[in-house]
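Hi everyone, thanks for coming. Let me put the model up on the screen, and then we can walk through a few spots together.

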Amino acid sequence: MTVRRTSCNLCEAICGVLVTVEDGRVTDIRGDESDPLSRGHICPKAVALRDLQEDPDRLTTPVRRTSDGWQALGWDEAYELVVGKLTGIQREHGQNSIGVYLGNPNVHSLGALTHMPAMVRQLRTRNRFSATSIDQLPHMLASYLLYGHQLMVAVPDIDRTSYLLMLGANPLASNGSMMTAPGFGRRLKELRKRGGKLVVIDPRRTETAAVSDTHHFIRPGTDAAFLLAVIHQVIEDGAARPAAYVDGFAAVEAAVEAWTPERAAEITGISAAEIRQVARDFAAADRAACYGRVGVSTQQFGAICQWAIQVLNIVTGNLDRPGGTMFPRPAVNALLGLGRGHLGVWTSRVRGLPEFGGELPVSTMAEEILTPGEGQIRAMVTVAGNPVLSTPNGRKLDAALGTLEFMVAIDPYINETTRHADVILPPAPPLERDHYDVIFHQLAVRNTARWNDAVLPKPDSARHDWEIFRDLGLALVRRTPWSRRRVEVMARLRLPPRRIVDLGLRIGPYRLSLGKVRRSPGGVDLGPLQPALPGALHHKSKRIDLAQRMILDDLPRLDSLAALSAGELLLIGRRHLRNNNSWMHNSARLVKGKPRHHLLMHPHDLADRELTDGQLVTVTSAAGSIAVEVASSNDIMPGVVSLPHGFGHNRPGSRLTVANQVPGPSANDITDTELTDPVSGTAAVNGVPVKVTAA
């Protein structure tokens, strides 16, 4: 029996864990108290690492789809087939005839981060999509505009703040997102011991809202009006104190002048007095932080919301201040390996939505497959994603994938999306991989570094994800003419992840090495967040310009916020601690217990429609209809209904034994690809107008 240290990479909390192995099998997983960031905290998902390892549905060798079913392939044969098909389609139809979709788990894998980008670049297609535009894109856009880099994200210094204002976030269920803060419940208790306060703005009384000091219900999609009114009040009270390196304050003052608390109250459902109180308490706090997550990003005003959150922190002097919002200083600087970002260098072919950072909005993916013409997507590469369940109008995308000439999936499962693939290349599971969190140390509330060797040996017949990307990338680059660039790319692809991490540690701010970090298997504590501005800004001027024209020009669109049509409700999502989008439903230990797929509706809305608790109802939007059981709940705002995404399994051809028994429809069968934030291109899956009737 041995006990190995690793980290759980199933969510952004990156909790340290101790894994007991007996005779080559995992027998126990528990929290690692020596981890300076997670301090022994884990959630139920960490224990499910064992389930991923032992899942009989997990593919271990490449397979191809034939008329007689799935057929096993050797790795070399699979690579040859995939590369031949992709390059052949590009020769006939052009470079952009290949589409690429990158799912959420990629950012949780060291090998994907180190080797996938180089492989994708060899495809030379502009039809690239990812989960970013159904998630945190407005957050990254605000960082790019204000701080000069898409991943220069200011995170709440939660361990020292005295007032935390939170919108559209539920860290007691998510463990923190765009804010790596494992053990949020314990951190909240410590906040209270310091005399601090948590205020939550959310259409639902979430798990986090339920334990907050104050919770205000807000009409979905109106957060921008609330934030502008708070900024208005701060300025009117004379409480604004932006730093000397901040420009554009006068333009912001003019932009929010009309957004009085009274005007915002009519739209949001939060009274003018309550908006003023929030503004004055925030400005008066000695250390305050405003933080917003999915609920304020995945809506029609996501870019305005995330800009306004940053502006509120900046004008109150809370940016780059201990206890406010600060910039982590990770041991491996991910910003060096990721471009600063760009917006609108090209647009989608059909609808003309802008790219960001080289990716088009995922809400355009189905139409780019289905619409004939030059640049039409005729083949897809999907990596660790299930967009049929996780992106808007999944039914449309499901049908679109069935029309492709070829599809390859790098994925361990035959799921609702990969069932359309011609070839599936399965990577080794998490416990067989070395790991270092490149991205989430960049978002962490404390500076730490942790390397973990694989807990279990990888079978010789298996391949790590980085090996798959390496081999595909090398096969693609070998088909190009010789050049110095070709030699450099081949050398880069052959470099293993541990060597890349070692180089990153050596050139990083602490001048560490992989050897030094490995000598502290629980992790190296590098201390609390430290002030870094203006020197750390990625703008050449080393200044912040609040007056971002694309945001200010979009503010008049808020005038369109109006009352709903008779009988309409607004649909929002929700998250559960035991769920992680669509990709943890094949673990029996995580899906057991009370069903979690019900549509939540306020009792008054049920009565108005003569519906009863537990009844099967039909939920209809502009995109379609689904049937689901409704649950009466006082935790949901009147006029709002809530349905979790990631469900909708048991489709023909998927091979997920446990997940296929999990009830519930896909929320994304009724979200609409036409509902987007036009500034960022982010899909608006919160605040979707729907009608609910008896089934």
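Here is one to start us off: which residues does asparagine 170 touch, not counting residues up to four places away in sequence? The answer is Arg204, Thr206, Glu207, Thr208 and Arg575, where contact means heavy atoms within 4.5 Å.

Before going on, a word on what you are looking at. This is a predicted model, so local features need pLDDT of at least 70 and side-chain atom pairs count only at pLDDT 80 or more, while totals for chains, interfaces and linings use all residues. Residues are numbered from 1 along each chain as its sequence is written, and side-chain values use heavy atoms, with hydrogens and water left out.

Back to asparagine 170. You will find this residue in the loop between β9 (163–167) and α6 (171–174). Helices here are DSSP runs of H or I with at least four residues, strands are runs of E with at least two, and both are numbered from the N terminus. Asparagine 170 counts as buried, at 12% relative accessibility; the cut-offs are under 20% relative accessible area for buried, over 50% for exposed and partly exposed in between, with a 1.4 Å probe and protein chains only.

Now let's look at another loop residue, valine 153. It lies in the loop between α5 (137–147) and β8 (155–156), and is buried with a relative accessible area of 2%. What is valine 153 in contact with, leaving aside its neighbours within four places in sequence? The list is His139, Ser143, Met178, Met326, Phe327, Pro328 and Leu443. Methionine 179 is 26 residues from valine 153 along the chain, and their C-alpha atoms are separated by 9.0 Å.

On to the cores. In soluble globular proteins, nonpolar side chains tend to be buried together. A nonpolar core, as used here, is a set of buried Ala, Val, Leu, Ile, Met, Phe, Trp, Tyr and Cys residues joined through side-chain atoms within 4.5 Å. The largest one in this model has 111 residues, and those with the most contacts inside it are Leu165, Phe226, Tyr436 and Ile544. Take leucine 165: setting aside neighbours within four places in sequence, its contacts are Val199, Ile201, Val278, Phe282, Ala289, Cys290, Tyr291 and Leu312. There is also a second, separate core of 30 residues, which includes Val82, Met116, Leu123 and Ile468.

Axes are lines fitted to C-alpha atoms, for helices over the stretch in contact, and angles run from 0 to 180 degrees between N-to-C directions. Helix α9 (residues 223–236) and helix α11 (residues 261–268) have axes that come within 9 Å and cross at roughly 165°. That makes α9 roughly antiparallel to α11, a label given to angles over 145 degrees. From α9, the contact uses Ala225, Phe226, Ala229, His232 and Gln233, and from α11, Pro261, Ala264, Ile267 and Thr268. These divide into six nonpolar, three polar and no charged residues. For the classes, Ala, Val, Leu, Ile, Met, Phe, Trp, Tyr, Cys and Pro count as nonpolar, Asp, Glu, Lys and Arg as charged, and the others, Gly among them, as polar.

Helix α9 also packs against helix α10 (residues 249–256), at an angle of about 115° and with the axes 9 Å apart. Here Leu228, Ile231, His232 and Ile235 of α9 meet Phe249, Val252, Glu253 and Val256 of α10. By class, that contact has six nonpolar, one polar and one charged residues.

Compare that with α4 and α20. The axes of α4 (residues 110–121) and α20 (residues 484–494) come within 10 Å and cross at roughly 150°, which makes this pair roughly antiparallel. Thr114, His115, Ala118, Met119 and Arg121 in α4 meet Arg485, Arg492 and Leu493 in α20. The classes are three nonpolar, two polar and three charged.

Last, some backbone details. Where is aspartate 23? It sits in the loop between β2 (16–22) and β3 (25–31). Finally, leucine 533 and proline 534 are joined by a cis peptide bond, with omega about 5°, and proline 534 lies in the loop between β23 (524–528) and β24 (544–545).

Terms used. Angles under 35 degrees count as roughly parallel, over 145 as roughly antiparallel, 65 to 115 as roughly perpendicular and the rest as oblique.
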